[in-house]
Amino acid sequence: MNEPRMNAAETAERGASLWKDAGRRLRRNRLAVAGAAVLACMLALTLLGPFVVPHTYAGQNLALGAAPPSARHWLGTDDLGRDLFVRVLYGGRISLLVGVAATAVSLLVGVTYGAAAGFLGGRTDALMMRIVDILYALPFTLFVIILMVFFGRSIVLLFVAIGAVQWLTMARIVRGQVLSLRRREFVDAAMVMGLSRPRILFRHVIPNVLGPVIVYATLTVPNVMLLEAFLSFLGLGVQAPMSSWGVLIKEGANVMEEYPWLLIFPSVALAMTLFSLNFLGDGLRDALDPQSSTD
C-alpha cells in the first residue's frame, strides 16, 4: 500500500522542536535553574506554608506587641502581635497573583496587538500605532485610579486595570520585532507554501519574538507590584483584611527605626522573588533565541 504523502507545508513544519532545544539550553544555565528553584520554593511556601505554621493570619496577641524574631515567631510580630511569617506568606500570594495576572493581561493584549500591527504593515500598522501613541499620552497611574474609583475596589478589577495600561510598551516591542521578521526568508517560504497569515503569524513569527517578550515580562511583574503598592498606599489597591508585600513594606517603613524586622523580611522576600524572575527570564531569553542555535 502507498503511504499518504505529506504536503510541503506540513513537511517543513516538522523537524527539531524549538521547545526541546530551549529546554536543553535552559538546563545548562545555572543562574536560570537557580532562579527557577528559588521561585518554586517561594511559590510552595506561599501556597502551603500557612497550612503548617502554628499561627493564623489574623491572630493577635496585644500583650506581646511588636516582638523581634524568636523560636516561636520566626520573623517576629507586628505592633498588634500578629505573626509576621504568616503575613509575609499570605502577602506573597496576593503580590504574586497581582503580578502574574496583570502581566498575563498585558501579554495577551500587547503581543496580539503588536504582532498584528507589525505583520499587516502599511496603513493598518500606522493607524494601530497612532492609537498606542494616544494612549501613551494618558497618565497611566491616573487612568488606573479612575478605573478603580469608577468601577469599584475589586482585586479582579485591579488585575484588569493594571494590565490595561501595561500592554502598550509590549505592543511596541513586539511590533518592532515582527517588522524585522516579516521580510525574512522563512516567512516568504511559508507564504509560498500557501500557509494562511494567521498561521504564519502565530506559528512562525511570534515564537521568534519570545525572547524579548519574556525579558520584558520579567520587568513588568515588579512594575506591577510597585504600582499595586502605590495604589494600596492610596487605599485603592489591596484592601483589608488582605495584604501584600507592598503593603507590608509600606507598614514596615513607617516603623523601621523601632521595628526594623517589619521592613527587612517583606523586602527580602520581594527582592528574592524579583531576582529569581530576572535570572529565569534571562535564561529563557537565551534558550529561546533562534540566533544562538548553533549546535
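Is Tyr57 buried or exposed? I looked it up in this model, which is a predicted one. Tyr57 comes out at 15% relative accessibility, so I wrote it down as buried, since the cut-off for buried is under 20%.

**Entry: Tyr57 and its partner**

Next I searched the whole structure for aromatic pairs and got 5 of them. I then checked where the two belong. Tyr57 is in the loop between helix 3 and helix 4, while Tyr90 is in helix 4, so this pair ties together parts 33 residues apart in sequence. Tyr90 has a relative accessible area of 28%, which makes it partly exposed.

**Entry: two Phe rings**

Phe275 and Phe279 also pair up, and this pair is stacked, with 6.3 Å from centre to centre and 20 degrees between the planes. Both are in helix 12, 4 residues apart, so about one helical turn separates them. I got 53% relative accessible area for Phe275, so that one is exposed. Phe279, at 34%, counts as partly exposed.

**Entry: the second largest pocket**

I moved on to the second largest pocket, which holds about 310 Å³ of space. It has 17 lining residues, and the closest to its centre are Leu39, Val100, Ala217, Val221 and Leu277. Which helix gives the largest share of the lining? That's helix 4, with 6 residues. Helix 3, helix 4, helix 10 and helix 12 each supply at least two. Sorting the lining by type, I found 13 nonpolar residues, 4 polar and no charged.

Note on methods: Residues numbered from 1 in each chain as written. Predicted model: local features only at pLDDT ≥ 70, side-chain atom pairs only at ≥ 80, totals over all residues. Heavy atoms only, no water. 1 Å grid on protein atoms, 1.4 Å probe; cavity = no way out; pocket = protein on both sides within 12 Å on 5 of 7 lines; lining within 4 Å. Points joined across faces, edges and corners; volume = space filled by probe spheres on them. Nonpolar A, V, L, I, M, F, W, Y, C, P; charged D, E, K, R; others polar. Phe/Tyr/Trp six-rings, centres within 6.5 Å; stacked < 30°, edge-to-face > 60°. Buried < 20%, exposed > 50% of the residue type's maximum accessible area, 1.4 Å probe, protein only.
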